[in-house]
Amino acid sequence: MKQKLAVFYISVLLLLVLVLVGIFAPNQLESVTAGLQDFISNAFGWYYLILVTLLVIVCLYFLISPIGRLKLGKPEDKPEFSRVTWLAMLFSAGMGIGLVFWGAAEPLSHYAVSSPTGETGTAEALKDSMRFTYFHWGIHAWAIYGIVALVLAYFNFRHGEPGLISATLKPIFGDAVKGPLGKVIDVIAVLATVIGVATTLGFGAVQINGGLSFLFDIPSNFVVQLIIISIVTVLFMISAWSGLGKGIKILSNANMGLALVLFVLMFFIGPTLFILNLFTNTIGTYLQSLLQMSFRIAPLDPDSREWINGWTIFYWAWWIAWSPFVGIFIARVSKGRSIREFVFGVLLVPTVIGFLWFSTFGGSAMYLEHVKNISISGLATEETLFAVFSNFPLGMVLSIIAIILVSTFFITSADSGTYVLGMMTTNGSHTPGNRIKLTWGILLAVISLVLLYSGGLQALQNTMIVAALPFSIIMALMTISLIKALYKESKELGIGQIKRRKQ
């Protein structure tokens, strides 16, 4: 029993050390993570860009390849969830809080505060802001999630391997993954997951606090954020107790419903024609410049490089750190789907939804600044969305819906996180015990608070980038392992060889 829970005990011990350092030496923790973040961003920025772009290429290949016909499971397996519920669950787990937090704030920041091309406040800066926002939240982000989820689902459901990151590397390392090497791999995955989820929960707490502060003058500080996280922790633990088929399923559908209501209201109340024109124009510029943006590292331009480190490298690290959590969760709910349907659903559908979301909320924010000359870019990031709402009809209604939406996304992410961490630390069990999930729920909340206490949003971002680097190496190995296994199976089944036989 202890051997099976070795990953759990080792991970909890290491994370408790992080918690203690954060409580008793918060300035030192912030200083160390900032130094590491700076080093990793400068020394490994090129590596992140190349790795993530290669993952996109691999996913697109699976989309058009004959291999895409293979099912993630046995031939007779059927999907457990309807397609709508499936998309809702993966979207809630994959992007939830981030979309609400950055929906208006990121495009506005690129336009008015710090432009990726160095020019702010112009029509060109407005269009550049959208294509770079699309770049950060589009197919590159979902390719990171998609490849991890695809690898896990393939080995777990088609080959009967445990739902563990280490088990997916068997084609490379053989039975060594069942020993100490496998434990090290799984511990790294757990640590990346905890930091990724805790960071996102921190963003959620700050966003809720920002909304309450903007609307009701409630102070925006650590004490209020502590109260918010404590309340939400109780709620998501109740949801986690009810199981995957009840709590997360119900909340995911509720999230999508609320998000749809908020989106539709903003789309029609906001500058609808401006949003449609902006979306159409910037989709084109995004596609035209996708290759250039994918490899943009600015080696001779320190200002542009600083922007890339603070935005693009941060996002790639965020998605990588979140990928074990989102990957395992998406894999768990994707049994019975073909590889082609999986890639289409995970890579393209959420990307289009995200583009529409940012065009609506980011476009409305930039419309206020660029067309109406109403300045909101000087506000705190977490207050930007609520400032946008305040300049349109039904502003208070929109703000309250947004706060509820962040709260439900918060609960869903934490609920999913406790399930996935429970699965990762109980030898891949699809039904981890409630005591294990309770432990992870409390740890996620505490680590989120420690990171906020030690340095706020900046500490969250620093720690994210540090946690992502070791797992990125594992993710590259997982991709190689999948390609190797699929190549072997396709040869055995004669996939892709039919035309040659006919000839």
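Predicted model: local features only at pLDDT ≥ 70, side-chain atom pairs only at ≥ 80, totals over all residues.
The protein chain contains 19 helices and zero strands. Its radius of gyration is 22 Å, close to the 23 Å that the globule rule gives for 503 residues, so the chain is as compact as a globular protein of that length. Along the principal axes, the C-alpha atoms of the chain occupy a box of roughly 65 × 60 × 45 Å. Of the 503 residues, 61% are buried. Among contacts between residues at least 6 apart in sequence, 83% join residues at least 24 apart.

The surface and the charges were examined next. The chain exposes about 19,300 Å², and carbon and sulfur atoms supply 67% of this area. The charged side chains comprise 31 positive and 23 negative groups. The centres of these two sets lie 18 Å apart.

Aromatic pairs number 39 in the structure. One of them joins Phe101 and Trp102, with ring centres 4.9 Å apart and planes at 70 degrees; the angle is over 60 degrees, so this pair counts as edge-to-face. Both Phe101 and Trp102 are buried. Another edge-to-face pair is formed by Phe132 and Trp307, with a centre-to-centre distance of 5.4 Å and an angle of 80 degrees between the planes. Phe132 belongs to helix α6 (residues 123-137) and Trp307 to helix α14 (residues 302-332), so the pair ties together parts that are 175 residues apart in sequence. Phe132 has a relative accessible area of 2% and is buried. Trp307, at 4% relative accessibility, also counts as buried.

Positive phi values in residues other than glycine were found at positions including Asn373 and Leu394. For Asn373, phi is near 55 degrees. Asn373 is located in the loop between α15 (339-370) and α16 (384-389). The relative accessible area of Asn373 is 66%, which is over the 50% cut-off, so the residue is exposed. For Leu394, phi is near 60 degrees. Leu394 is placed in the loop between α16 and α17 (395-424). At 48% relative accessibility, Leu394 falls between the 20% and 50% cut-offs and therefore counts as partly exposed.

Technical notes: Residues numbered from 1 in each chain as written. Heavy atoms only, no water. Helix = DSSP H or I, 4+ residues; strand = E, 2+ residues; numbered from the N terminus. Rg over C-alpha atoms; globule rule 2.2 N^0.38 Å. Buried < 20%, exposed > 50% of the residue type's maximum accessible area, 1.4 Å probe, protein only. Contact = heavy atoms within 4.5 Å. Areas by Shrake-Rupley, 256 points an atom, 1.4 Å probe, with all protein chains shown as cover. Lys, Arg positive; Asp, Glu negative; His and termini not counted. Charge placed at Lys NZ, Arg CZ, Asp CG, Glu CD. Phe/Tyr/Trp six-rings, centres within 6.5 Å; stacked < 30°, edge-to-face > 60°.
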